[in-house]
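Here are my notes on the charged pairs in this one. Have the sequence and the model open as you read.

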Amino acid sequence: MELFDLLKALILGFVEGMTEFAPVSSTGHLIIVDDMWLKTEEFLGKYPAITFKIVIQLGSILAVVVVFWKRLFSLVGLYKIDGKKMNNRFNLMHVIVGMLPAVILGFAFKDLIDDYLFGIKTVIVALVAGAILMIIADKFGPKKPKVQTLDEISYRQAFTVGLVQCLSLWPGFSRSGATISGGVLFGMNHRTAADFTFIMAVPIMMGASLVSVMKNWEYMSMDHIWFYVVGFFSAFVFSLISIRFFLKLISKVKLVPFAIYRIILAVILAAIVFL
(Lines give C-alpha, C1' and ligand atoms only; values in the text may rest on other atoms or scores of the structure.)
Protein backbone atom coordinates (compact mmCIF):
# COMPACT_ATOMS: atom_id res chain seq x y z
CA MET A 1 0.00 0.00 0.00
CA GLU A 2 1.39 3.37 -1.05
CA LEU A 3 1.95 6.30 1.30
CA PHE A 4 -0.52 8.43 -0.65
CA ASP A 5 -3.23 5.84 -0.02
CA LEU A 6 -2.63 6.09 3.73
CA LEU A 7 -2.75 9.88 3.40
CA LYS A 8 -6.25 9.49 1.97
CA ALA A 9 -7.25 7.50 5.05
CA LEU A 10 -5.78 10.20 7.30
CA ILE A 11 -7.66 12.94 5.45
CA LEU A 12 -10.99 11.10 5.60
CA GLY A 13 -10.45 10.39 9.30
CA PHE A 14 -9.80 14.10 9.79
CA VAL A 15 -13.01 15.02 7.93
CA GLU A 16 -15.03 12.49 9.95
CA GLY A 17 -13.53 13.57 13.26
CA MET A 18 -13.92 17.31 12.72
CA THR A 19 -17.48 17.16 11.36
CA GLU A 20 -19.21 14.21 13.07
CA PHE A 21 -20.25 16.18 16.14
CA ALA A 22 -20.51 19.68 14.70
CA PRO A 23 -23.91 20.49 13.17
CA VAL A 24 -22.55 20.52 9.62
CA SER A 25 -23.05 16.85 8.58
CA SER A 26 -20.10 14.48 8.55
CA THR A 27 -21.81 12.25 6.00
CA GLY A 28 -22.26 15.19 3.68
CA HIS A 29 -18.62 16.23 4.02
CA LEU A 30 -17.37 12.67 3.50
CA ILE A 31 -19.47 12.32 0.36
CA ILE A 32 -18.13 15.65 -0.89
CA VAL A 33 -14.45 14.99 -0.11
CA ASP A 34 -14.44 11.36 -1.19
CA ASP A 35 -16.76 11.41 -4.20
CA MET A 36 -15.40 14.65 -5.64
CA TRP A 37 -11.73 14.33 -4.75
CA LEU A 38 -10.21 11.24 -3.10
CA LYS A 39 -12.43 8.60 -4.77
CA THR A 40 -11.56 5.72 -2.44
CA GLU A 41 -14.18 3.56 -4.13
CA GLU A 42 -11.89 3.31 -7.16
CA PHE A 43 -9.05 2.13 -4.92
CA LEU A 44 -10.91 -0.09 -2.44
CA GLY A 45 -14.01 -1.12 -4.34
CA LYS A 46 -17.60 -0.11 -3.60
CA TYR A 47 -18.34 -2.17 -0.49
CA PRO A 48 -14.89 -1.92 1.17
CA ALA A 49 -15.17 1.86 0.74
CA ILE A 50 -18.53 1.81 2.54
CA THR A 51 -17.03 -0.36 5.27
CA PHE A 52 -14.12 2.08 5.68
CA LYS A 53 -16.54 4.93 6.41
CA ILE A 54 -18.13 2.73 9.07
CA VAL A 55 -14.76 1.93 10.63
CA ILE A 56 -13.77 5.59 10.97
CA GLN A 57 -17.18 6.31 12.49
CA LEU A 58 -16.32 3.80 15.22
CA GLY A 59 -13.23 5.92 15.92
CA SER A 60 -15.51 8.90 16.52
CA ILE A 61 -17.72 6.85 18.84
CA LEU A 62 -14.70 5.88 20.92
CA ALA A 63 -13.87 9.56 21.32
CA VAL A 64 -17.35 10.23 22.74
CA VAL A 65 -16.90 7.37 25.21
CA VAL A 66 -13.61 8.90 26.37
CA VAL A 67 -15.11 12.39 26.85
CA PHE A 68 -18.41 11.28 28.44
CA TRP A 69 -17.26 8.12 30.21
CA LYS A 70 -18.69 9.14 33.61
CA ARG A 71 -22.18 9.76 32.22
CA LEU A 72 -22.09 6.67 30.02
CA PHE A 73 -20.90 4.45 32.84
CA SER A 74 -23.59 5.89 35.12
CA LEU A 75 -26.27 4.81 32.63
CA VAL A 76 -25.39 1.16 33.25
CA GLY A 77 -24.76 1.51 36.99
CA LEU A 78 -20.96 1.54 36.89
CA TYR A 79 -20.53 5.10 38.18
CA LYS A 80 -22.49 7.39 40.50
CA ILE A 81 -23.18 10.98 39.49
CA ASP A 82 -23.27 13.14 42.64
CA GLY A 83 -25.00 10.35 44.55
CA LYS A 84 -28.37 11.17 42.95
CA LYS A 85 -31.13 8.59 42.80
CA MET A 86 -31.98 7.10 39.41
CA ASN A 87 -35.40 8.76 39.17
CA ASN A 88 -33.87 12.18 39.87
CA ARG A 89 -31.29 12.19 37.15
CA PHE A 90 -30.58 11.48 33.51
CA ASN A 91 -30.74 7.72 32.96
CA LEU A 92 -30.71 4.99 30.35
CA MET A 93 -34.43 5.33 29.65
CA HIS A 94 -33.90 8.89 28.38
CA VAL A 95 -31.43 7.55 25.83
CA ILE A 96 -33.71 4.67 24.77
CA VAL A 97 -36.72 6.96 24.39
CA GLY A 98 -34.65 9.47 22.43
CA MET A 99 -33.10 7.00 20.01
CA LEU A 100 -36.17 4.82 19.37
CA PRO A 101 -37.82 6.86 16.56
CA ALA A 102 -34.64 7.08 14.44
CA VAL A 103 -33.80 3.40 15.03
CA ILE A 104 -37.24 2.28 13.84
CA LEU A 105 -37.29 4.53 10.77
CA GLY A 106 -33.65 3.82 10.01
CA PHE A 107 -34.23 0.07 9.84
CA ALA A 108 -37.45 0.51 7.89
CA PHE A 109 -36.04 2.79 5.21
CA LYS A 110 -32.30 1.96 5.19
CA ASP A 111 -32.28 0.55 1.65
CA LEU A 112 -34.25 3.49 0.28
CA ILE A 113 -31.90 5.94 1.97
CA ASP A 114 -28.81 4.14 0.65
CA ASP A 115 -30.23 3.94 -2.88
CA TYR A 116 -31.69 7.41 -3.30
CA LEU A 117 -30.28 9.89 -0.77
CA PHE A 118 -26.50 9.33 -0.92
CA GLY A 119 -25.30 11.84 -3.49
CA ILE A 120 -24.02 15.38 -3.95
CA LYS A 121 -27.35 16.83 -5.10
CA THR A 122 -29.37 15.43 -2.19
CA VAL A 123 -26.66 16.55 0.25
CA ILE A 124 -26.92 20.11 -1.09
CA VAL A 125 -30.65 20.19 -0.37
CA ALA A 126 -30.11 18.65 3.08
CA LEU A 127 -27.43 21.20 3.96
CA VAL A 128 -29.87 24.05 3.30
CA ALA A 129 -32.83 22.34 4.99
CA GLY A 130 -30.77 21.63 8.10
CA ALA A 131 -29.50 25.21 8.16
CA ILE A 132 -33.06 26.53 8.09
CA LEU A 133 -34.02 24.33 11.06
CA MET A 134 -30.99 25.57 13.02
CA ILE A 135 -31.86 29.22 12.34
CA ILE A 136 -35.46 28.57 13.43
CA ALA A 137 -34.21 26.93 16.64
CA ASP A 138 -32.03 29.91 17.57
CA LYS A 139 -34.73 32.45 16.66
CA PHE A 140 -37.81 30.78 18.17
CA GLY A 141 -36.35 28.66 20.99
CA PRO A 142 -37.04 29.89 24.55
CA LYS A 143 -34.90 32.88 25.52
CA LYS A 144 -34.53 31.44 29.03
CA PRO A 145 -34.47 27.63 28.62
CA LYS A 146 -35.86 25.71 31.61
CA VAL A 147 -33.55 22.74 31.07
CA GLN A 148 -30.02 23.72 32.07
CA THR A 149 -28.52 20.25 32.71
CA LEU A 150 -28.97 16.67 31.55
CA ASP A 151 -30.63 15.78 34.86
CA GLU A 152 -33.53 18.14 34.07
CA ILE A 153 -34.49 16.49 30.76
CA SER A 154 -37.91 14.83 30.82
CA TYR A 155 -38.80 11.63 28.98
CA ARG A 156 -41.22 13.64 26.87
CA GLN A 157 -38.48 16.03 25.79
CA ALA A 158 -36.15 13.12 25.05
CA PHE A 159 -38.78 11.53 22.80
CA THR A 160 -39.54 14.81 21.04
CA VAL A 161 -35.85 15.37 20.31
CA GLY A 162 -35.75 11.77 19.06
CA LEU A 163 -38.51 12.55 16.57
CA VAL A 164 -36.57 15.56 15.25
CA GLN A 165 -33.46 13.35 15.02
CA CYS A 166 -35.25 11.31 12.33
CA LEU A 167 -34.54 14.17 9.91
CA SER A 168 -30.85 13.24 10.11
CA LEU A 169 -31.55 9.98 8.30
CA TRP A 170 -31.36 12.22 5.22
CA PRO A 171 -27.58 12.36 4.50
CA GLY A 172 -26.33 15.89 4.77
CA PHE A 173 -28.95 17.02 7.30
CA SER A 174 -26.68 16.33 10.32
CA ARG A 175 -27.70 14.28 13.33
CA SER A 176 -26.21 16.76 15.80
CA GLY A 177 -27.75 19.67 13.92
CA ALA A 178 -31.19 18.07 14.08
CA THR A 179 -31.03 16.95 17.71
CA ILE A 180 -29.47 20.14 19.10
CA SER A 181 -32.06 22.18 17.21
CA GLY A 182 -34.82 19.95 18.56
CA GLY A 183 -33.47 20.25 22.09
CA VAL A 184 -33.26 24.04 21.88
CA LEU A 185 -36.77 24.34 20.43
CA PHE A 186 -38.21 22.22 23.22
CA GLY A 187 -36.64 23.93 26.20
CA MET A 188 -32.98 22.91 26.57
CA ASN A 189 -30.03 25.27 26.55
CA HIS A 190 -27.50 24.69 23.77
CA ARG A 191 -24.90 22.92 25.93
CA THR A 192 -27.42 20.46 27.41
CA ALA A 193 -28.85 19.73 23.97
CA ALA A 194 -25.31 19.05 22.71
CA ASP A 195 -24.49 16.78 25.68
CA PHE A 196 -27.68 14.80 25.09
CA THR A 197 -26.88 14.57 21.39
CA PHE A 198 -23.39 13.18 21.95
CA ILE A 199 -24.44 10.64 24.59
CA MET A 200 -27.36 9.44 22.48
CA ALA A 201 -24.99 9.09 19.53
CA VAL A 202 -23.03 6.26 21.15
CA PRO A 203 -25.64 3.45 21.02
CA ILE A 204 -27.12 4.70 17.74
CA MET A 205 -23.83 4.99 15.89
CA MET A 206 -22.36 1.87 17.43
CA GLY A 207 -25.42 -0.22 16.61
CA ALA A 208 -25.63 1.06 13.04
CA SER A 209 -21.89 0.65 12.55
CA LEU A 210 -21.76 -2.92 13.87
CA VAL A 211 -24.74 -3.95 11.73
CA SER A 212 -23.04 -2.46 8.66
CA VAL A 213 -19.70 -4.09 9.47
CA MET A 214 -21.37 -7.50 9.80
CA LYS A 215 -23.24 -6.92 6.56
CA ASN A 216 -20.05 -5.98 4.70
CA TRP A 217 -17.65 -8.29 6.56
CA GLU A 218 -16.95 -10.42 3.50
CA TYR A 219 -15.68 -7.39 1.63
CA MET A 220 -13.02 -6.52 4.21
CA SER A 221 -9.52 -7.51 3.18
CA MET A 222 -6.24 -7.74 5.09
CA ASP A 223 -4.71 -5.97 2.10
CA HIS A 224 -6.44 -2.81 3.29
CA ILE A 225 -5.97 -3.25 7.04
CA TRP A 226 -3.55 -0.32 7.43
CA PHE A 227 -5.93 1.90 5.50
CA TYR A 228 -8.64 1.08 8.06
CA VAL A 229 -6.26 1.46 11.03
CA VAL A 230 -5.01 4.91 9.95
CA GLY A 231 -8.54 6.12 9.26
CA PHE A 232 -9.81 4.82 12.62
CA PHE A 233 -7.12 6.50 14.73
CA SER A 234 -7.28 9.69 12.68
CA ALA A 235 -11.05 9.92 13.30
CA PHE A 236 -10.55 9.15 17.01
CA VAL A 237 -7.90 11.83 17.60
CA PHE A 238 -9.64 14.57 15.62
CA SER A 239 -13.01 13.70 17.20
CA LEU A 240 -11.50 14.17 20.65
CA ILE A 241 -10.28 17.61 19.61
CA SER A 242 -13.52 18.66 17.93
CA ILE A 243 -15.84 17.44 20.73
CA ARG A 244 -14.01 19.37 23.44
CA PHE A 245 -13.77 22.48 21.26
CA PHE A 246 -17.42 22.31 20.17
CA LEU A 247 -18.77 21.91 23.71
CA LYS A 248 -16.95 25.11 24.73
CA LEU A 249 -18.08 26.94 21.60
CA ILE A 250 -21.78 26.03 21.28
CA SER A 251 -22.98 28.03 24.32
CA LYS A 252 -21.23 31.14 23.00
CA VAL A 253 -22.00 31.15 19.28
CA LYS A 254 -25.09 28.90 19.21
CA LEU A 255 -26.31 27.51 15.87
CA VAL A 256 -26.60 30.37 13.38
CA PRO A 257 -22.87 30.53 12.44
CA PHE A 258 -22.95 26.82 11.58
CA ALA A 259 -26.14 27.37 9.57
CA ILE A 260 -24.46 30.15 7.57
CA TYR A 261 -21.49 27.87 6.87
CA ARG A 262 -23.86 25.16 5.61
CA ILE A 263 -25.63 27.56 3.27
CA ILE A 264 -22.34 28.89 1.87
CA LEU A 265 -21.11 25.32 1.35
CA ALA A 266 -24.36 24.39 -0.39
CA VAL A 267 -24.09 27.37 -2.74
CA ILE A 268 -20.48 26.49 -3.64
CA LEU A 269 -21.40 22.86 -4.28
CA ALA A 270 -24.42 23.85 -6.35
CA ALA A 271 -22.21 26.09 -8.49
CA ILE A 272 -19.77 23.22 -9.04
CA VAL A 273 -22.46 20.63 -9.81
CA PHE A 274 -24.97 22.62 -11.82
CA LEU A 275 -22.88 25.25 -13.65
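**Notes on the salt bridges**

1. Start with Arg191: its relative accessible area is 33%, so it is partly exposed (buried is under 20%, exposed over 50%, and partly exposed in between, using a 1.4 Å probe and protein chains only). Its partner is Asp195, and the two side chains form a salt bridge with N to O at 2.9 Å. Asp195 counts as buried, at 11% relative accessibility. Both sit in helix 10 (residues 190-215), four residues apart, or about one turn of the helix.

2. Some housekeeping: this is a predicted model, where local features need pLDDT of at least 70, side-chain atom pairs count only at pLDDT 80 or more, and totals for chains, interfaces and linings use all residues. Residues are numbered from 1 along each chain as its sequence is written, and side-chain values use heavy atoms, leaving out hydrogens and water.

3. How many salt bridges are there? The count is three, taking a salt bridge as a side-chain nitrogen of Lys or Arg within 4 Å of a carboxyl oxygen of Asp or Glu.

4. Next, look at Asp34 and Lys53, whose side chains meet in a salt bridge at 2.6 Å, N to O. Asp34 belongs to helix 2 (residues 26-38) and Lys53 to helix 4 (residues 46-67), so the pair ties together parts 19 residues apart in sequence (helices are DSSP runs of H or I, at least four residues, numbered from the N terminus). Asp34 is buried at 2% relative accessible area, while Lys53 is partly exposed at 23%.

5. Finally, Asp151 and Arg71 form a salt bridge, with their closest N and O atoms 3.1 Å apart. This pair links distant parts of the chain, 80 residues apart: Asp151 is in the loop between helix 7 (120-140) and helix 8 (155-165), and Arg71 is in helix 5 (residues 69-75). Asp151 is buried, with 17% relative accessible area, and Arg71 counts as buried at 15%.

Key:
Helix = DSSP H or I, 4+ residues; strand = E, 2+ residues; numbered from the N terminus.
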